[in-house]
Amino acid sequence: MGRARWPLSHYFHQRLLGWLDNRVPAANEHHLNLNSIFILPSGFGWSFIILSLCLFLLGTNYQNNLMLLLSYLCLSIMLLTLFYTHQNFARLALKSLPPRPFHCNQNGELLVQVVPHTKATTKPCYGVLTFKWLSTTRLSKRDATPLAVEATTHNHHTSFSAQLSASTNSQQKQTLRIPFQIKTRGHYELGRLTIACDFPLGLYKCWTHLDFDQAVTVYPKSQEGPVVINNIATDEASTASKDNHDGNEDFYALNDYEVGQPLNRVSWKHVAKNGNWVTKSFTALQSNSYVIGLSSATDTETALAALTHATITFSEANRVFGLSYKGIHIPPNHGVKHRHECLAALACFENSTPFNNTGSSSSQQDSNRIRAVK
């Protein structure tokens, strides 16, 4: 019954995505070839063809050889441009980099590098590339609910043009920043990106629909609000740092020296005494750790926004903290990895994509994920 309420355009969009999945599979790096390139005359190209046909008809009607010669010249230009436009676009090779997480009230960026093509390493692609997110979105092949359709219908088209560098240096890689926007929190797999080029004369337009097989975590928006902070004083709150130390840290232990470690950590007294190279490790004692929580009666999105703001604040202050809110239970810790773990857990709370406490999402095991770009 759910599929009967889907619009007819959605059915054709899904058929298009299925056909593209077979013809242009998802990959981190794409080297364009005959299967992944589409080409048709542009608006200016169709006008040029109509003009050539009109000249041909006028030339045959009035038996004007110069007009016939001009029509033949125009048609020759069309044919030559067809091959050159396709050949230039076929030398394009792109490689994507993992996008950074961002908050739902901000814009994200997909970094794409222009790399040398395997079949044309010394001949780069020229012209202006136009990027546009494909409006169609991918649903799960199984258990696709009308709610998932509603979540993918608010797409925003983003057009972006980039002038390719004329440098033929294969060591230099040009990086393009493709903006996109997702207004809801969660973990999303980016959809297909339409890339077009009309070099050199604009008579033909070459394009392709590429799936870079990238996913991004969209954090909840950060908004200050009342949170419950529980102060926990335990012996387990003390942490040992074996990489660096400052004046506020105390001596912890001696360890065997490893190649590459800083020389200022070497215990030169032991080296001079018995010749054994050992290094000092220090510990920073922190008697207090915190657990951030909020009442379950608070609105979910308001609570997530307040917890997100508190997580960012505690992380910037380098405090040891944890999260406890409904089904989220993250033990106290600190660092960049712990910050991402907390924010990702808040982003995927009661979302179609579950999040585990190891800091990564089960993207390959979850069949109900929406593949979307907004």
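Buried means under 20% relative accessible area, exposed over 50%, and partly exposed in between, with a 1.4 Å probe and protein chains only. The model is predicted: local features need pLDDT of at least 70, side-chain atom pairs count only at pLDDT 80 or more, and totals for chains, interfaces and linings use all residues. Residues are numbered from 1 along each chain as its sequence is written, and side-chain values use heavy atoms, without hydrogens and water.

**Exercise 1. Classify Tyr290 and Phe314, then describe their ring pair.**

Step 1. Take accessibility. Tyr290 has 19% relative accessibility and counts as buried. Phe314 has 7% and also counts as buried.

Step 2. Apply the ring rule. Rings of Phe, Tyr and Trp (its six-membered ring) pair if their centres lie within 6.5 Å; planes under 30 degrees apart are stacked, over 60 edge-to-face, and the rest tilted. The centres of Tyr290 and Phe314 are 5.7 Å apart and the planes stand at 75°, so this pair is edge-to-face.

Step 3. Helices (H or I, at least four residues) and strands (E, at least two) are DSSP runs, numbered from the N terminus. Tyr290 is in strand β17 (residues 289-293) and Phe314 in helix α6 (residues 300-316), 24 residues apart.

Step 4. Look for a charge. A charge sits over a ring if NZ of Lys or CZ of Arg is within 6 Å of the ring centre and within 35 degrees of the ring normal. The charged end of Arg319 sits over the Tyr290 ring, 5.8 Å from its centre. The Arg319 end also sits over the Phe314 ring, 5.2 Å from its centre.

**Exercise 2. How many aromatic pairs are there, and why is the pair of Tyr126 and Phe199 called tilted?**

Step 1. Count. The ring rule gives 12 aromatic pairs.

Step 2. Check the geometry. The Tyr126 and Phe199 ring centres are 6.3 Å apart with planes at 35°, so the pair is tilted.

Step 3. Locate the rings. Tyr126 lies in the loop between β5 (108-114) and β6 (128-133), and Phe199 in the loop between β10 (193-197) and β11 (204-210), so the pair ties together parts 73 residues apart in sequence.

Step 4. Tyr126 is partly exposed at 27% relative accessible area. Phe199 is partly exposed at 25%.

Step 5. Ring pairs link Trp19, Phe38 and Trp207.

**Exercise 3. Find the buried and exposed sides of helix α2.**

Step 1. List the buried residues: Gly45, Phe48, Ile49, Ser52, Leu55 and Gly59.

Step 2. Look down the axis. The buried residues of α2 fall within an arc of 120° (directions from the helix axis to the C-beta atoms), so they line one face.

Step 3. Turn to the other side. The face away from the buried side carries the exposed residues Gly43, Ile50, Leu57, Asn61 and Tyr62.

Step 4. Name the partners. The buried residues of α2 pack against β2 (38-41) and α3 (65-89), with contact meaning heavy atoms within 4.5 Å.

**Exercise 4. Describe how α6 is covered.**

Step 1. Count. In α6, 12 of its 17 residues are buried, and the helix is mostly covered.

Step 2. Name some. Among them are Thr300, Ala303, Leu304, Leu307 and Ile312.

Step 3. Find the cover. It includes β4 (102-103), β13 (228-232), β17, β18 (321-325) and α7 (336-347).
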